[in-house]
Amino acid sequence: MARLLLIEDDLAIRTPLIRALRERGHAVAAAHTAMDGLQTALQERPDLVVLDLGLPDLDGLELLRMLRGVSTVPVIIATARDDEAEIVRGLDAGADDYVVKPFTAAQLDARVRAVLRRGAGDPGESAVLVGELRVDPRSREATLGGTALDLTPREFDLLHHLAARAGQVVTKRELLTEVWQVPYGGADKTVDVHLSWLRRKLGETALEPRYLHTVRGVGVRLSAPPPPAAADAS
């Protein structure tokens, strides 16, 4: 059973959705405004938030940014906004998934379970070591040279996906499909922005890469930097 927070102002949607999710075994709290939702999220500490964007007091994306400033709770945006640019903005703002109305309770429940599975990681999955980089999917912690990296949930998922395929070139299409769960085109900039943020936290740049190497026209490869002696010899 998951503890869910539904932030939805439309009573005709909120009431049956709460009932349906509870019938599927979830404990559901609800809020009908952005500020009530933020307060409830901080007080109740739910396992996942389902967030509508068209709220009466504040746009849902603004609430998501505020929430991301204080919490890493998984968030599924549930909205009628189906424009691709809007979907990309929602994912870039920190959402873990995006579902467009109308949807069934069964579909939302499946997405909730999928997001929570990704967040929990595979209990049998061990930490990935690449050079001085260590990525542990069980604790969702990453360290570089023993120092913890302050990563957002999306940055961690991106880093783990690349680290688990160290030495391989991973396409942006694969990253969008596997990390963002959005198998449509036109959103390569989303990957580029997150790679830029990730490089900054790894202490490198695109011009002077250490771990993240762009393969022009193909994708990106994560690999360990050469040892100091090899680097000096070159």
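**Cavity and open sheet**

The largest cavity holds about 30 Å³ of space. A cavity here is a set of points, on a 1 Å grid over the protein atoms alone, where a 1.4 Å probe fits but cannot get out. Its volume is the space filled by probe spheres set on the points, with grid points joined across faces, edges and corners. The count comes to one cavity of 30 Å³ or more.

The model is predicted: local features need pLDDT of at least 70, side-chain atom pairs count only at pLDDT 80 or more, and totals for chains, interfaces and linings use all residues. Residues are numbered from 1 along each chain as its sequence is written, and side-chain values use heavy atoms, leaving out hydrogens and water.

Lining residues have an atom within 4 Å of a point. Among them are Leu6, Ile13, Val50, Asp52, Lys101 and Phe103. The lining comprises eight nonpolar, no polar and three charged residues. Nonpolar means Ala, Val, Leu, Ile, Met, Phe, Trp, Tyr, Cys or Pro; charged means Asp, Glu, Lys or Arg; the others, Gly among them, are polar. At least two lining residues come from each of β1 (3-7), α1 (11-23) and β3 (48-51). Helices (H or I, at least four residues) and strands (E, at least two) are DSSP runs, numbered from the N terminus.

Four strands form an open sheet in the order β6-β7-β8-β9, with antiparallel pairing. β6 (128-130) and β9 (147-148) are edge strands with a single partner each, so one side of each lacks a neighbour in the sheet. Pairing requires at least two DSSP bridges between two strands. Three bridges join β6 to β7 (residues 133-136) in the antiparallel sense. Leu129 has Arg134 in β7 as its bridge partner.

Notes. 1 Å grid on protein atoms, 1.4 Å probe; cavity = no way out; pocket = protein on both sides within 12 Å on 5 of 7 lines; lining within 4 Å.
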